[in-house]
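The following explanation leads through the voids of a structure and then turns to one residue inside a helix. Please keep the sequence and the coordinates in view while reading.

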Amino acid sequence: MLPLFVLTVLFFTSNSILTVLLPLQSEKSGMDHAEIGTMMGAYMFVCMLFRPFAGQLIGRFGPHMIMRLLLIAHAACMLLYTVASADSYILLRAWQGAVTAFFSMALQAGIVEGLAERDRGQGMTLYSLSSMVPSLFGPVAAMQIWASESGIWYVAVLIGLAAAPLLIGFNTPLAKGAGTGSREGKPFALSDIGKSLAGIGKNRPLLVSMTVMLCVSCIFGATATFVPLFIVKGNSGHAGLYLMLQGIVVIGCRFILRKKIPSDGQWHTGFISATLLSALVGSLLLAFAQQFSSVLYLAAIFNGFAMALLYPTLTTYLSFILPVQSKYAWMGLFMCSYDLGYSLGGLVLGLVVENFSYSIMFICCAALAVMAWIVMLANRRRMHHVPLAANN
């Protein structure tokens with residue numbers, strides 16, 4: 001599995017660097033914050049739309065063939081970034097989002113197929129950690145490229161990020177046959193999503209989890225898009241250092257606290273409240289960072305804690321409580337709520353920045369954390385019932 005984890009690091013390094021550079025380059029070219037938010041939000045929005053198609057194609061052709069095609073598409077996207085103007089960034093971000101949807105599905109399918117059952121948990125954990133490793137060095141590298149004001153470094157790095165994944169990943173140890181991604185021989189179908197959408201309102205644990213995740217992922221998307229611009233324009237710190245510190249907290253928490261994440265199918269109100277409180281505090285600290293610059297890096301710690309723990313906590317809870325016959329379709333919808341929230345964070349809150357200020361935007365993020373907490377608290381007594389089908 002080592003080549004897969006190395007490939008994951010290389011693949012997500014490109015997004016880690018571009019997430020910092022593209023907003024800076026776009027603003028320099030004259031884009032307003034609403035346009036920047038739309039451009040950055042296109043990545044996760046398209047990723048969300050393409051996840052079901054990725055599952056279908058991987059189930060039909062196998063992850064090995066899909067991986068080869070997506071790595072070629074990824075390399076082409078990186079090369080186009082080297083010559084594209086800011087007006088083309090939204091199309092390239094959408095392209096990048098579609099490729100990411102296929103990559104994440106192919107890697108996870110490859111891990112499930114390639115490892116024994118007793119090792120799958122470790123494999124998925126290492127994949128998750130590998131996808132976060134670029135956050136340790138990507139933002140700092142991006143700020144160095146930006147500070148150098150040299151297009152040569154930008155082009156050289158993107159060419160390297162186009163070539164390296166292609167060379168390493170073209171012959172990865174992935175299953176070559178069809179049928180991966182299926183359950184009991186039946187491929188995941190788009191119709192499963194349509195059937196499950198109608199049942200969300202009747203499944204309170206899923207509805208509450210999706211609502212909480214949607215609100216908080218909006219915060220994640222907004223901070224990822226606008227914090228570099230906010231720090232550079234306000235001269236309140238170093239954007240690369242902020243994002244690196246946040247990445248360290250995310251990786252450290254997911255590794256050190258991996259055994260503390262509830263894994264019993266119960267709704268742990270206190271634990272989830274702590275993660276939501278962390279998102280609230282992190283957003284409020286960013287709102288006052290220009291007045292009190294010393295709190296900037298403290299905000300990175302609180303936001304990193306929330307990013308590290310909320311998603312795996314809710315995912316683990318749903319894996320226990322959802323009925324077996326519709327578990328995979330509903331889990332897919334939950335993942336889509338994360339993607340949708342992340343994209344809306346850039347799309348909608350970009351309008352807030354454009355019409356008001358960064359501080360108001362971060363206060364809106366804090367309000368979203370409060371909203372998620374109220375929804376969670378109002379439904380806490382209805383979250384402990386485990387459907388009978390889940391025990392089959």
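One cavity of 30 Å³ or more is counted, where a cavity is a set of points on a 1 Å grid over the protein atoms alone at which a 1.4 Å probe fits but cannot get out. The volume of the largest cavity is about 40 Å³, a volume being the space filled by probe spheres set on the points, which are joined across faces, edges and corners. The model is predicted: local features need pLDDT of at least 70 and side-chain atom pairs count only at pLDDT 80 or more, while totals for chains, interfaces and linings use all residues. Residues are numbered from 1 along each chain as its sequence is written, and side-chain values use heavy atoms, with hydrogens and water left out.

The largest cavity is lined (an atom within 4 Å of a point) by Pro 262, Gln 266, Trp 267, His 268, Ile 272, Thr 313 and Tyr 317. This lining has four nonpolar, three polar and no charged residues.

A pocket, by contrast, is an open set with protein on both sides within 12 Å along at least five of seven lines. The second largest pocket has a volume of about 180 Å³. Helices H1 (2–28), H6 (134–148) and H7 (151–169) each give two or more residues to its lining, helices being DSSP runs of H or I with at least four residues, numbered from the N terminus. H1 provides the largest share, three residues.

Thr 100 lies in helix H4 (residues 89–114).

Definitions and conventions
Ala, Val, Leu, Ile, Met, Phe, Trp, Tyr, Cys and Pro count as nonpolar, Asp, Glu, Lys and Arg as charged, and the others, Gly among them, as polar.
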